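This briefing goes through one structure by topic. The sequence and the model come first, and the notes follow.

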Amino acid sequence: MNQKSNPEPCIRVLRAGPLALLQDSGRFGVRHLGVTQGGPADLYSWAWANHLTGNPWGTANLEITFGGLQLVAGRDLEIAITGADMGATIEQRPVPLWQRITWKEGEILAFAAPVSGLRAYLAVCGGFVAEPVLGSVASVTREALGGFCGMGTKLETGDQLSVYSTRGEPGDGPLQAPRDAIPDFRQPAVLDLLPGAQIAHFTGRSLFDAFNTWWQVDDRADRMGVRLTGPRLQCQISTLVSEGINLGGVQVPPDGQPIVLLNDRQTIGGYPRLGSLSPLAASRLAQCLPRERVKLVARSSEAALKQYRGFRALFYEKSR
Amino acid sequence: MSRTPALHRSTLESAGLDSWIVRLFEDIDEHNLPWLSALSRRCEQVFGGALVDLVPSYTTLLVVFDPLRVSPSEARTMLLRILADLEPDDSSHEGQVHELHTWYDPRVGPELSRVAEQAGMTVSDVIDAHSQQVYRVFALGFAPGFAFMGLTDPRLECARLETPRRRVPPGSVALAGRQTAAYPAATPGGWNLLGRTSARLFDRERKGFSLMRVGDQVRFVPVSREQFEREGGDTTPMEPSS
């Protein structure tokens, strides 16, 4: 695991950009207290960034939304950038994504704007140094929990970031993701949905529409949830007694426009649900820009489980 | 005391790859709580290290497990087995009792007079009605440590504000429908404010973090402004239309 032997800052934030957040795998075991999960909106790309830098599952890395971030290295660092293509450069040279690279002391790493996808992940060998709050460093701005200062704030210009020194095993893990492991965010997203209990309360027409529509991602989309616009879905029940809601839950408020709940969602809610996206489908949705089109596809939990376990098997030897 | 179960009607509903909603009841009722707490404890025993989170709320329990260790169908079997012989917790498991010292005053409870007017009561009757009852915590949510409690005296029933406030100060004691709550931190909010408590509702330095848990019992105790201030309460008045 990480060693706290090298805590002096070695990355300086030259320009913070709109939204860069430190995220580990999330905050668990406290949801009954009303504390949300947090963690990477695109778990898939986040996990690969750690994998490529030899970091164990759960290591905190940076989630960079919309780009705009500029950093300078205070010493040579091994890093990997995955997720969205933000036109990242080091000293104006394009940075190859989904592979481990060396970022040399004094060089400026700059993220421009989304070319494809919405969120990039920057992992550093050893992992970023931050003190866990309620068991996690996951940054949740609304709850003022996590992040580098513990108050859930996003990166600010001038911040100094520290990185744990590695145990001297820089060869650990693959240096490059295989081509078929790299998602193409330019393709319209097809999202696996596991039907939920209230699906029977939607009208036949609405069920047809739900799975035969190219939904449009609304600009009301953030780490709490993503609203989809399209045909109005009608459910015979309009509200429920509030109950726990899980990652990927697709809730349908009375206006008939679904909201897919992501990492920073409230812990309980009272709208009927069509079902839940599979974890990897939620990851994919988190890379969609407003006005992009997505399709929902009903999937069995067996198939989704097989896919998820296959993904996690890549990281088995590093889990906890 | 617990009522005869309606548990033959409990259902399991998929909430995704890693979770089930166990629906025990249809309606909000404090008699649900001994069942929900018993179910939570049994889940902790049976799922052990494969358990990720448990979210009790009014009538349901969301059970989140690690899908690398337990498949959804295995989890379903485990839950059905638990439900088959579930017994409600007896009173020895009933939650902690909290007394929330509260300064009821129009300066920090701007809806106090409106609630009174609507109920045809005096302000001091409203304070009595709100503070003489022991509430149960039905759910936590909305924000860390925010406890939904009830049910209030039916005369105090009131709708949410038409336009939520952008900032409700921490400690604000509030009503909506027949529920009451206290805001642990400054957040937006649409509930009717009656006063402010000096209690620290959520504290990251405290063991367990949240003062209240589902099933706990809560009473609001009226205190003077002086006592409220002495106990660390913030007397900054609300801005008229904030």
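**Helix H2 of chain B**

In this predicted model, the buried residues of H2(B) are Pro72(B), Ala75(B), Met78(B), Leu79(B), Ile82(B) and Leu83(B). They lie on the same side of H2(B), because the arc they cover around the axis is only 135°.

- H2 of chain B runs over residues 72–84, which makes 13 residues. From its first C-alpha to its last it reaches 18 Å, close to the 18 Å expected at 1.5 Å a residue.
- Arg81(B) and Ala84(B) are exposed and sit on the face of H2(B) turned away from its buried side.
- The cover over the buried residues of H2(B) includes parts of both chains: helix H4 (301–313) of chain A, and from chain B strand S1 (11–14), strand S2 (19–23), helix H1 (33–47) and strand S4 (60–65).

**Domains of chain B**

- The domain assignment divides chain B into domain 1 (7–84) and domain 2 (97–230).
- A distance of 29 Å separates the C-alpha centres of domain 1 of chain B and domain 2 of chain B. Seven residues from domain 1 of chain B and eight residues from domain 2 of chain B take part in the contact.
- Domain 1 of chain B and domain 2 of chain B bury about 740 Å² between them, and carbon and sulfur atoms give 67% of this area.
- Of the area that domain 1 of chain B buries against domain 2 of chain B, 67% is supplied by Glu30(B), Leu33(B) and Tyr58(B), more than by any other three residues.

- The area buried between chain B and chain A is about 3100 Å², with 62% of it on carbon and sulfur atoms.
- Leu17(B), Leu68(B) and Arg204(B) supply 23% of the area that chain B buries against chain A, more than any other three residues.
- This contact involves 42 residues from chain B and 40 residues from chain A.
- Two salt bridges are found across the interface of chain B and chain A.

**Salt bridges of Arg23(B)**

- Arg23(B) forms a salt bridge with Glu243(A), and the closest N and O atoms are 2.9 Å apart. This pair crosses between chains, from strand S2 of chain B to strand S15 (residues 243–244) of chain A.
- Arg23(B) counts as buried at 11% relative accessibility, and Glu243(A) counts as buried at 0%.
- Arg23(B) also meets Glu13(B) in a salt bridge (2.7 Å, N to O). The two residues are 10 residues apart, Arg23(B) in strand S2 of chain B and Glu13(B) in strand S1 of chain B.
- Glu13(B) is buried too, with a relative accessible area of 11%.

**Other salt bridges**

- Over all chains, a search of the whole structure finds 21 salt bridges.
- One of these joins Glu107(A) and Arg93(A), with 3.7 Å between the closest N and O atoms. Glu107(A) is in the loop between strand S8 (100–103) and strand S9 (108–110) of chain A and Arg93(A) is in strand S7 (residues 93–94) of chain A, so the pair ties together parts that are 14 residues apart in sequence.
- Glu107(A) counts as buried at 15% relative accessibility, whereas Arg93(A) is partly exposed at 47%.
- A network of salt bridges links Glu63(A), Arg119(A), Arg223(A) and Asp264(A).

Technical notes: Residues numbered from 1 in each chain as written. Chains lettered and ligands numbered in written order. Predicted model: local features only at pLDDT ≥ 70, side-chain atom pairs only at ≥ 80, totals over all residues. Heavy atoms only, no water. Helix = DSSP H or I, 4+ residues; strand = E, 2+ residues; numbered from the N terminus. Expected span 1.5 Å × (residues − 1). Buried < 20%, exposed > 50% of the residue type's maximum accessible area, 1.4 Å probe, protein only. Arc of directions from axis to C-beta. Contact = heavy atoms within 4.5 Å. Domains from an automatic or database assignment. Buried area = accessible area lost by both parts, 1.4 Å probe. Salt bridge = Lys/Arg side-chain N within 4 Å of Asp/Glu carboxyl O.
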